[in-house]
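Colleague: I would like to learn how to read the features of a model such as this one. Could we take them one by one, with the general idea ahead of the case?

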Amino acid sequence: MGAQSQTDGDAYYRQLKQVVAGRASPQMLVDLDRLESNAHAMLTRAGRMPIRLGTKSIRCTDILRRVFALSPQFQGLLCYSAREAAWLAREGFDDLLVAYPTVDVVDLAAAADAIRDGKRLTLMVDSVEQCERIVAQARAHSVRYRVAMDVDMSTSLPGLWFGVRRSPVRDVPAARQLAQQIAAAPDALQLVGMMGYEAQIAGLQDHVPGGGIRNVLIRLLKRRSLREVQGRRQSVVAALHADGHNLEFVNGGGTGSLEATAADASVTETTAGSGLYAPGLFDHFSHFRHQACAFFSLPVVRRPAPGLVACAGGGYIASGPAGRDRLPRPFLPAGMQMLSHEGAGEVQTPLRLPVGFQPALGDPLFFRHAKGGELAEHFDHVLLFRGTQIVGIVPTYRGQQQNFF
């Protein structure tokens with residue numbers, strides 16, 4: 001960190017301390033000025049394409065509403081659970097696309113209730129077996145489910161699967177077969193959309209410090225994969241239209257691929273959510289950098305040795321493949337380091353302090369989560385602030401007694 005950025009960091013640390021002054025830590029807090037700046041950056045990066053907000057990266061209804069109020073270009077929600085979507089419908093949201101398939105009867109019953117209430121809720125499917133289960137529940141509840149087809153956008157190379165394991169639908173014949181199955185139950189299912197999510201482009205960092213040749217290889221793989229993604233997505237969409245399926249939307253992309261997804265003429269909307277909070281796993285992309293705006297505070301409670309402190313709590317580890325990149329990031333004051341043999345602990349997190357910094361017992365230190373909305377699973381409320389002033393204390397999903405997995 002250079003001299004100017006160090007000075008800025010010191011000032012922001014003092015600002016954050018004022019925000020939480022008099023409040024017990026741990027706390028989760030969100031800088032609304034930075035959040036709004038990130039939202040506008042996402043709009044710019046997406047051009048004129050609508051952005052559907054990914055709820056799993058936010059998990060706070062107040063923040064969802066605030067982002068929608070910024071621009072009509074933010075349209076609809078991409079939910080991670082059918083029960084979540086049904087609950088959000090009761091909270092007043094609409095245009096709810098469930099990103100992951102479900103055959104759970106409780107989930108499907110909740111979705112049926114939302115549909116009967118006139119909400120536009122769409123389920124995701126990628127197999128005939130799922131459709132058969134959903135058809136049975138549609139007839140049991142006397143509803144017609146809107147469904148979207150998930151088409152895999154991974155790239156298969158010799159010895160390497162570049163992407164994530166999602167849908168088994170990978171080509172035009174498979175997509176046509178599934179669409180025919182959906183059309184065979186017109187009383188129970190209506191195919192209204194398609195999703196083709198290029199996770200390997202949207203969520204994989206390619207400019208990691210010290211990454212060297214790995215960064216270069218990832219960027220090369222991304223460029224190759226993007227050509228394949230766009231070709232496959234366009235071919236499937238064209239085939240479905242040719243077969244008479246009228247798709248209301250084609251969804252693609254994420255925070256890390258807004259520009260590329262918006263350039264695909266077959267896509268009608270993109271999704272983003274992590275770009276709002278700008279968590280640690282989105283620090284090192286070669287073509288954009290948003291401002292970190294979601295933090296958590298931990299109180300200093302021990303001095304195990306000179307130059308070391310221990311904070312209470314802090315073991316907020318992100319999901320995904322286990323590794324150091326899933327640990328929380330010590331944020332401010334700059335220069336704090338976790339101990340490699342301890343990391344972030346459930347009940348305490350030891351830290352090596354920067355030279356010259358001596359916090360008092362009880363002082364807050366600030367951290368960032370590796371991912372977006374997962375931090376909200378550890379807190380009932382979020383402190384929303386501008387400058388040094390708290391402008392709202394709002395519940396997370398957890399604070400509203402909602403937990404979907």
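Modeller: Burial comes up throughout, so take its cut-offs to begin with: buried means under 20% relative accessible area, exposed means over 50%, and partly exposed lies in between. Keep in mind that this is a predicted model. Asp107, at 11% relative accessibility, therefore counts as buried.

Colleague: Which residue forms a salt bridge with Asp107?

Modeller: The general idea is that side chains of opposite charge can pair when their charged atoms come close. Here the partner of Asp107 is Arg83, with the closest N and O atoms 3.1 Å apart. The bridge links distant parts of the chain, since Arg83 belongs to helix H4 (residues 82-90) and Asp107 to helix H5 (residues 105-116), 24 residues apart. Arg83 has 28% relative accessibility, so it counts as partly exposed.

Colleague: How many salt bridges does the count come to?

Modeller: The count is 28 salt bridges. Asp283 and Arg289 form one of them, at 3.7 Å from N to O. Asp283 is buried, with a relative accessible area of 11%, whereas Arg289 is exposed at 55%. Another salt bridge joins Asp325 and Arg326, whose closest N and O atoms are 3.4 Å apart. In that pair Asp325 is partly exposed at 33% and Arg326 is buried at 11%. Salt bridges with shared partners also join Arg52, Asp95, Arg120 and Glu269 into one network.

Colleague: How should I read a pair of aromatic rings?

Modeller: A pair of aromatic rings is described by the distance of the centres and the angle of the planes. The structure holds 16 aromatic pairs. In one of them, the rings of Tyr12 and Phe295 have centres 5.9 Å apart and planes at 70°, so the pair is edge-to-face. Tyr12 lies in helix H1 (residues 3-20) and Phe295 in strand E12 (residues 294-302), 283 residues apart, so the pair links distant parts of the chain.

Colleague: Are Tyr12 and Phe295 buried or exposed?

Modeller: Tyr12 and Phe295 are buried. Tyr13 and Phe366 make another edge-to-face pair, 5.9 Å centre to centre with 75° between the planes. That pair too links distant parts of the chain, from Tyr13 in helix H1 to Phe366 in strand E17 (residues 364-368), 353 residues apart. Tyr13 is buried at 8% relative accessibility, and Phe366 is buried at 0%. Ring pairs also link Tyr80, Trp87, Tyr397, Phe404 and Phe405 into a cluster.

Colleague: Which residues of helix H3 are buried?

Modeller: In H3 (residues 61-70), Thr61, Ile63, Leu64 and Val67 are buried. Viewed down the axis of H3, these buried residues fall within an arc of 160°, so they line one face of the helix.

Colleague: And where is Thr396 found?

Modeller: Thr396 is in the segment after strand E19 (389-395). Thr396 is buried, with a relative accessible area of 0%. A polar atom of its side chain lies 3.3 Å from the backbone nitrogen of Arg398. Beyond neighbours within four places in sequence, Thr396 is in contact with residues including Arg59, Cys60, Phe379 and His381.

Methods
Residues numbered from 1 in each chain as written. Predicted model: local features only at pLDDT ≥ 70, side-chain atom pairs only at ≥ 80, totals over all residues. Heavy atoms only, no water. Buried < 20%, exposed > 50% of the residue type's maximum accessible area, 1.4 Å probe, protein only. Helix = DSSP H or I, 4+ residues; strand = E, 2+ residues; numbered from the N terminus. Arc of directions from axis to C-beta. Polar contact = N/O pair within 3.5 Å; in protein donor to acceptor, adjacent residues only side chain to side chain. Contact = heavy atoms within 4.5 Å. Phe/Tyr/Trp six-rings, centres within 6.5 Å; stacked < 30°, edge-to-face > 60°. Salt bridge = Lys/Arg side-chain N within 4 Å of Asp/Glu carboxyl O.
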